[in-house]
Amino acid sequence: MHRLLIRNIRTLISCDGQDRVYENVNVFCEDGLIRSIGPEAPEAGEVIDAAGMLCYPGLVNTHHHLYQVFSRNLPQVQNMELFDWLVTLYEIWKGLNEDTIRLSSAVGMGELLKNGCTTVFDHHYVFPKDAGDLIGAQAQAAELLGVRMHFSRGSMDLSKKDGGLPPDSVVQSVDEIMSDSVQLIAKYHDPSFQSMRRLALAPCSPFSVSADLLRESAVLAREYGVRLHTHLCETKDEERYTLEKVGLRPLAYMQSLGWTGPDVWYAHGIHFNDEELKVLAETGSGVCHCPISNMKLASGVARIPEMLEMGIPVGLGVDGSASNDGSNLLEELRVSYLLHRLHSSAKAPSGYELLKTATMGSARLLGREKEIGSLEVGKCADLFLLRQNRLELTGACRDPKSVLCTVGVKGPVDYTVVNGRVTVRDGRLTGVDEEKLAQEAEQEVQRYLDQ
């Protein structure tokens with residue numbers, strides 16, 4: 001039985017349904033769950049003195065491509081938009097193997113943990129022939145770091161010769177994808193309360209997969225009780241593609257194939273029109289907002305203020321590191337706040353509303369709002385701690401509910417706790433030697449990019 005006591009927390013922002021903020025409290029965790037929030041201080045094998053600290057629910061990342069950590073900041077793609085960017089990078093990504101995935105995942109998840117993220121969904125859809133057990137390699141990295149992980153069995157079945165964007169070597173047949181999906185669900189999807197790993201089915205996008213793959217993925221996901229995810233309405237090029245190929249806008253196309261409902265969430269969702277927003281609200285289909293990636297690729301600004309007002313499920317994600325160049329949800333929070341202030345002025349979400357998109361909103365997209373996303377007795381002990389007396393936060397904490405968005409955080413958080421276990425202590429990962437990991441990863445980057 002593992003017990004953790006976090007004592008003397010200056011301010012705890014719960015993000016619960018009542019938006020409660022606690023002052024000068026302790027949090028007692030047992031076997032990965034929060035057992036009490038208040039003055040109680042039961043005996044525990046591990047104690048953190050959180051005097052002068054702010055405490056927040058762990059952030060939940062609902063869209064990433066961890067393999068892209070090893071192809072970020074490449075000069076040849078810096079001024080490209082999505083389609084050209086993808087075509088160029090697929091020629092690099094077709095060289096992925098187990099070592100590349102294991103190390104890039106560890107680096108990306110390590111950066112996320114150091115910035116307060118406790119649950120990671122990764123959209124992995126590039127499976128080169130004979131590349132090995134790529135999801136297994138991710139699982140090794142996640143277990144080493146102690147992160148709560150949502151894997152995906154992504155997929156592509158349309159290569160260049162079929163009118164898609166990727167090369168032949170990274171696409172598979174629908175039968176191959178369905179067979180592997182069943183095996184991976186059996187191996188990695190744990191639907192139990194407090195689970196540390198789950199899996200979703202995630203065909204890449206309308207322009208890299210067939211209607212048959214989308215339709216069969218939806219049927220299989222519902223048969224096995226897993227969620228569905230894909231990119232949608234990210235660019236005008238995508239919109240033109242579906243109109244030309246099937247005579248439908250992207251959302252109508254997806255809806256015709258069974259891809260709406262509370263078990264579905266889309267990445268980006270920039271170019272929905274008014275009627276499509278109503279469809280999302282009526283069906284409970286969700287959207288993961290990725291502001292930095294959308295800005296870097298000049299894709300546009302998602303209508304997040306309207307989505308939140310309409311009750312559409314909205315979460316936050318960093319997207320791939322090749323379209324973001326980092327894996328930092330705290331940075332994503334502040335950029336999101338500033339972007340929507342610029343674009344929507346008084347109608348923009350408040351800093352606290354955006355914090356809740358990255359906590360309870362993201363938890364809802366993953367179907368885990370009863371387990372994670374807020375600090376409440378009986379929920380998972382996923383949280384992070386931040387010293388208020390940092391120079392960068394001096395005079396900034398009169399509103400601790402909004403400070404992560406309005407002022408932002410420079411440098412790693414002080415502690416991250418996942419399932420009651422300390423994964424970051426004093427700003428350093430506890431599960432790995434950071435310098436050794438960085439050295440090994442850099443060696444693999446050179447091999448991978450120079451092959």
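Predicted model: local features only at pLDDT ≥ 70, side-chain atom pairs only at ≥ 80, totals over all residues.
Residues are numbered from 1 along each chain as its sequence is written, and side-chain values use heavy atoms, with hydrogens and water left out.

Two packed helices are described by the angle between their axes and the distance between the axes. Helices are DSSP runs (H or I, at least four residues) numbered from the N terminus; their axes are lines fitted to C-alpha atoms over the stretch in contact, with angles from 0 to 180 degrees between N-to-C directions.

Helix α2 (residues 98-114) packs against helix α14 (residues 434-450) at an angle of about 135 degrees, the axes lying 10 Å apart. This makes α2 oblique to α14, since angles under 35 degrees count as roughly parallel, over 145 as roughly antiparallel, 65 to 115 as roughly perpendicular and the rest as oblique. The crossing is left-handed, that is, the near helix is turned anticlockwise from the far one by less than a right angle, clockwise being right-handed. Contact (heavy atoms within 4.5 Å) involves D99, T100, R102, L103, A106, V107 and K114 of α2 together with E434, L437, E440, A441, E444, R447 and Y448 of α14. By class, these comprise 6 nonpolar, 1 polar and 7 charged residues (Ala, Val, Leu, Ile, Met, Phe, Trp, Tyr, Cys and Pro count as nonpolar, Asp, Glu, Lys and Arg as charged, and the others, Gly among them, as polar).

Helix α2 also meets helix α3 (residues 134-145), their axes coming within 8 Å and crossing at roughly 35 degrees in a right-handed sense. Contributors to this contact include I101, M109 and L113 of α2 and L134, A137 and L145 of α3. The contact divides into 9 nonpolar, 4 polar and 2 charged residues.

Between helix α11 (residues 329-344) and helix α12 (residues 351-365), the axes come within 10 Å and cross at roughly 135 degrees. Accordingly, α11 is oblique to α12, and the crossing is right-handed. L333, S336 and Y337 of α11 touch G351, L354, L355 and A358 of α12, a contact with 5 nonpolar, 2 polar and no charged residues.

A search of the whole structure finds 1 cavity of 30 Å³ or more. The largest cavity holds about 120 Å³ of space. Among its 17 lining residues, L82, L86, Y125, H231 and E234 are the closest to its centre. Helix α1 (residues 82-93) supplies the largest share of the lining, 4 residues. The lining has 8 nonpolar, 7 polar and 2 charged residues. A cavity is a set of points, on a 1 Å grid over the protein atoms alone, where a 1.4 Å probe fits but cannot get out, and lining residues have an atom within 4 Å of a point. Grid points are joined across faces, edges and corners, and a volume is the space filled by probe spheres set on the points.

Methods:
Helix = DSSP H or I, 4+ residues; strand = E, 2+ residues; numbered from the N terminus. 1 Å grid on protein atoms, 1.4 Å probe; cavity = no way out; pocket = protein on both sides within 12 Å on 5 of 7 lines; lining within 4 Å.
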